[in-house]
Amino acid sequence: MKPILLLAASLLLSAAPALAETGEEARASRGSGGGDVEGCVECHGDPDLEVTLESGETKKLHVDKDVFLGSRHGGKLSCTDCHVDLKGSEGGHPEKPFKTSREFVVRYSEQCRSCHSDHYAQTLDSVHHAVLEKGNLKAAVCADCHGAHDVGRPGEPRASISKTCAKCHSDIFATYSASVHGTALLDRDNPDVPTCTDCHQSHAIASPRTGAWRLQTPDRCGACHGDEQKMKKYGLSNAVLKTYLSDFHGTTASLQKAEPGANPVVALCTDCHGIHDISKVKDPGSRVLQANLVKTCQKCHPEASANFPAAWMSHYEPSPDKSPLVYAVKLFYMFMVPFVIGGLILQIGLHLWRVVVKR
Amino acid sequence: MTSEFIQRFTLRQRIEHVAVMLTFTLLSVTGLPQKFFETGWARFLISLFGGVGGTRLVHRGAGIVFTLLVIWHFGSAFVDVLARKVKLTIVPTLKDFADAIGTLRYYLGMAPKQPTFDRFDYKQKFEYWGLVMGGIIMVASGFLLLYPIFFTQLLPGEIIPAAKMAHSNEGLMAVLTIVIWHMYSAHLNPDVFPIDRSIFTGKISRERMHHEHPLELARIEADRNKPTES
């Protein structure tokens, strides 16, 4: 999948000369070293400079020189590195053909690929790009998340990531902000909890509605919740992924993942714990609190009785105090299987020895 | 002089064996990959059945057929015993324990000869009752896993993971027993190599009867001679 995408991306990029270079190399070699900005700010330094577009919108054309020089690109790029169409123009340039302000942003974001071809290629795989291709210009492009003249270092502070997504996905952000992950990030700048991009990725953001994406849920949660070091810090068990996979739901999900076009019909992590509204297990409102569990089971198993939730061992390994019956059965077979099979092999060995060797 | 071959199994017993053989194989190839779902061979087997959904469907179908076979076997055995058509030759007796020890002594060179056996020797009885007990565990735990909502209306929820633990381990033990023990006694054993055909043809040679089941042979021949003697 990846190489094909990259190939497609490079075909799209065929106008750019630095084709074969990786993003890193391209970025190092292409900047003009932050040449002349002064010429442009002669006009664009004027805070009142603006133009009325065909749509009737007013487009501000002012660029704060200090903001640009303080950005990640300041001192590295000159204006015409991005505004390549204006290279060589002096003392005014022809008007742009953009009808709307949005068209302007979308078109200029295309320019990022000449240096950031790797990340650009990833966005071609994203749900944002798919929406854009359908003609919906509202879909997020580079500048919407990274900014334009004020490009900063992405993800600093971490909370800025989720706040960036919130610009469009405000409902989900509100839910996330109240979750155990969101509060830790936004209130305490916790370095371990996931921001939006830890689950959804930053550039290759896939649609979360496909079966294939949903079936990756255990891997996604397990990346942190299966990590012993990380979970120890918060007194959480890192056996949750293993115990999930060894039970009916997890085994099914794991096997379905290999099937093309599979649509999960079993409970994934998020079906019990929630998605953006994940709370602490011990919160009174938690769906997985013992008292609320039967209701959660009934979402899929409407006939489930009060006994039913105990059919799931709550991510615990069988032990004498957690599930004594299961533990007893396990112990029984731990002795029984080697005893029976060993006994049979021994008997076969003795028989062969008697009839073949020591006749 | 008796004929060379003696009838050992009825047609019904032979059909039952083939039916159990087929369902057992089907249950194994659809059950084991669910236990070892993370391995490559398991993924391959599951893909042969069209994914996990298809695999489970075949497993459950075969499980229901196996259940019917168990019911049929005990139902008909019960009727036959009541009608005094068969003797309970498969029931373990004290002699079987003595035979097991006697055989072990023979293997170890502490006795010059094997004990003599009747219709079923202690190994055959062990395998039969192992299959019966294992079969009952598999059927009971299998139904618990098939209808967890129904069974937990009355039973505690923990019965479901306990059934899964039992089903998974008992199933593995059954497959290992068949692969190791049954393959040896019915195929690789030098006495019958390459295959003991009697369960398929229903017949066994008088020579083998003399060697493996002399007590039964003596009884058969005594019965046969009775009318001429009296």
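**Entry 1: terms and ground rules**

I start with a definition: buried means under 20% relative accessible area, exposed means over 50%, and partly exposed lies in between (1.4 Å probe, protein chains only). I note that this is a predicted model, where local features need pLDDT of at least 70, side-chain atom pairs count only at pLDDT 80 or more, and totals for chains, interfaces and linings use all residues. Residues are numbered from 1 along each chain as its sequence is written, chains are lettered from A and ligands numbered from 1 in the order in which they are written, and side-chain values use heavy atoms, with hydrogens and water left out.

**Entry 2: positive phi**

I looked up A:S314. Its phi is near 50°, a positive value in a residue other than glycine. A:S314 sits in the loop between α20 (290-298) and α21 of chain A. Helices here are DSSP runs (H or I, at least four residues), strands are too (E, at least two), and both are numbered from the N terminus. Is A:S314 buried or exposed, or in between? A:S314 counts as partly exposed because its relative accessibility is 26%.

Next I turned to A:D189. This residue is not a glycine, yet its phi is positive, about 50°. I found A:D189 in the loop between α12 (180-188) and α13 (196-200) of chain A. With 45% relative accessibility, A:D189 is partly exposed.

**Entry 3: a serine in the α20-α21 loop**

I also checked A:S319. This serine lies in the loop between α20 and α21 of chain A. A:S319 has a relative accessible area of 18%, so it is buried. What does A:S319 touch, not counting residues up to four places away in sequence? A:S319 touches A:P324 and A:Y327. Contact means heavy atoms within 4.5 Å.

**Entry 4: cis peptide bonds**

I looked at the bond from A:E156 to A:P157. This peptide bond is cis, with omega near -5°. A:P157 belongs to the loop between α9 (142-146) and α10 (159-166) of chain A.

Chain B gave me another case. B:F193 and B:P194 are joined by a cis peptide bond with omega about 0°. I placed B:P194 in the loop between α7 (159-188) and α8 (198-201) of chain B.

**Entry 5: salt bridges**

Side chains of opposite charge can pair when their charged atoms come close. A salt bridge is a side-chain nitrogen of Lys or Arg within 4 Å of a carboxyl oxygen of Asp or Glu. How many salt bridges does the structure hold over all chains? I noted 22.

I looked up A:K65 with A:E38. Their side chains meet in a salt bridge at 2.6 Å, N to O. A:K65 is in helix α4 (residues 65-70) and A:E38 in helix α3 (residues 38-44) of chain A, so the pair ties together parts 27 residues apart in sequence. A:K65 is partly exposed at 27%. A:E38 is partly exposed at 44%.

Then I took A:K60 with A:E50. This salt bridge spans 3.7 Å, N to O. A:K60 is in strand β2 (residues 58-60) and A:E50 in strand β1 (residues 50-52) of chain A, so the pair ties together parts 10 residues apart in sequence. A:K60 is exposed at 52%, whereas A:E50 is partly exposed at 42%.

I returned to A:E156, seen above at a cis bond. A:E156 forms a salt bridge with A:R153, with the closest N and O atoms 3.3 Å apart. A:E156 is exposed at 52%. A:R153 is partly exposed at 46%. In chain B, salt bridges that share partners join B:R8, B:R119 and B:E216 into one network.

**Entry 6: two helices that cross**

Two packed helices are described by the angle between their axes and the distance between the axes. I took helix α11 (residues 170-178) and α12 of chain A. Their axes come within 4 Å and cross at roughly 85°. Axes are lines fitted to C-alpha atoms, for helices over the stretch in contact, and angles run from 0 to 180 degrees between N-to-C directions. α11(A) and α12(A) are therefore roughly perpendicular to each other (65 to 115 degrees; under 35 is roughly parallel, over 145 roughly antiparallel, the rest oblique). Residues making the contact include A:F173 and A:Y176 of α11(A), and A:L185 and A:L186 of α12(A).
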